[in-house]
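I opened this model to look up a few side-chain contacts. My notes follow.

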Amino acid sequence: MQGMNIRKNYQWVLWLVLLTMPYWITPLGGYTDLATRLLVIGLAALATNLLIGHTGVMSFGHAAYFGLGAYATGLTLKYLMPSTPAAFVVGTVVGTLGGMLIGYLIVRLRGIYFALATIAFGQVFYFIAFRWNSVTGGDNGLRGFQRLPIDLGFMKFDITSSLVFYYVTLAILAVCALAMATILRSPFGHTLQAIRENERRAQFLSIPVNRHIWIAYAISCFFVSVAGSLYALLNNFASPHDLYWTQSGDFVLMAVIGGMRSFWGPLLGAAIFVVAQDYLSGVTQDWMFFIGMIFVLVVLLLPRGIAGLFQRRTS
């Protein structure tokens, strides 16, 4: 009981930090768009961990759906309709459908074969974006669009303001986090954890493992597509790098650093990664070396990730 109360206190502290971040990050040398990027990348890491940490299926292809969401959002704003909500919905739907299709094709694979298949299909989307210059902008990325104010009739959100867009992103993160937590607490979520712990025993219990993994994959792709759409709106730009397999590796790395068995661990890992990247890239071109050192130290000294330190105190 005491451990549960401590965990609730940690969550209250987390939300207090997120709610006030735009006001204290600037005096510390940051900026509001950096805080928003932390939320967006953190959502992508949480979505990836829904599959690798809570289902036990390794994927290095989630950047494909992150990038699909980003490109579909940008293309909608640039070529179809100047509506931010419509572009956001299109980006999320396109990324989710892509994940559902690819997931259906590879769901029977396991282990390294599943991971390699996710990389292979992800690279297909990357090369399409990289080579289709007339539509996607090729190596230069997709430009020429920007997020527009949202007019609800009775209320108008000027999300061109960095501060307003931060709180819109935070609200979306909160809704997605609540949805993920609800899924993981449901019988379906407990079944995913059973598959993670012992897939063969789950099969003996007549659980349709392939179907559950495919649904988990689709749900994970939905949330990472939401993050991709927000990323395009944040930057007013979509890059082929958003689709590249190393971006998927970054999501996995964030989950490992923060703690794959912890719900909020990937968000903590994303915060460390994003802040370190922003600061170190301005100091040295070899900033990834230091990120790698953090990863190695966490794997060697903190197998449960940084969030594991908090879990020990509450256990």
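**Cysteines**

I looked up the cysteines first. The sulfur of Cys176 lies 14 Å from the closest cysteine sulfur, that of Cys221, which is too far for a bond. I took a disulfide as a pair of cysteine sulfur atoms within 2.5 Å. The structure holds zero disulfides. Cys176 counts as buried at 7% relative accessibility, and Cys221 counts as buried at 0%. Here buried means under 20% relative accessible area, exposed over 50%, and partly exposed in between (1.4 Å probe, protein chains only).

**Ground rules**

The model is predicted: local features need pLDDT of at least 70, side-chain atom pairs count only at pLDDT 80 or more, and totals for chains, interfaces and linings use all residues. Residues are numbered from 1 along each chain as its sequence is written, and side-chain values use heavy atoms, with hydrogens and water left out.

**Aromatic rings**

I paired rings of Phe, Tyr and Trp (its six-membered ring) with centres within 6.5 Å; planes under 30 degrees apart are stacked, over 60 edge-to-face, the rest tilted. I got 14 aromatic pairs. Trp15 and Trp264 have ring centres 5.6 Å apart and planes at 90 degrees, so I logged the pair as edge-to-face. Trp15 and Trp264 are 249 residues apart. Trp15 is partly exposed at 21%, whereas Trp264 is buried at 17%.

Next I checked Tyr126 and Tyr244. Their ring centres are 4.7 Å apart with planes at 55 degrees, so the pair is tilted. Tyr126 is buried at 14%; Tyr244 is partly exposed at 26%.

How values were computed. Helices (H or I, at least four residues) and strands (E, at least two) are DSSP runs, numbered from the N terminus.
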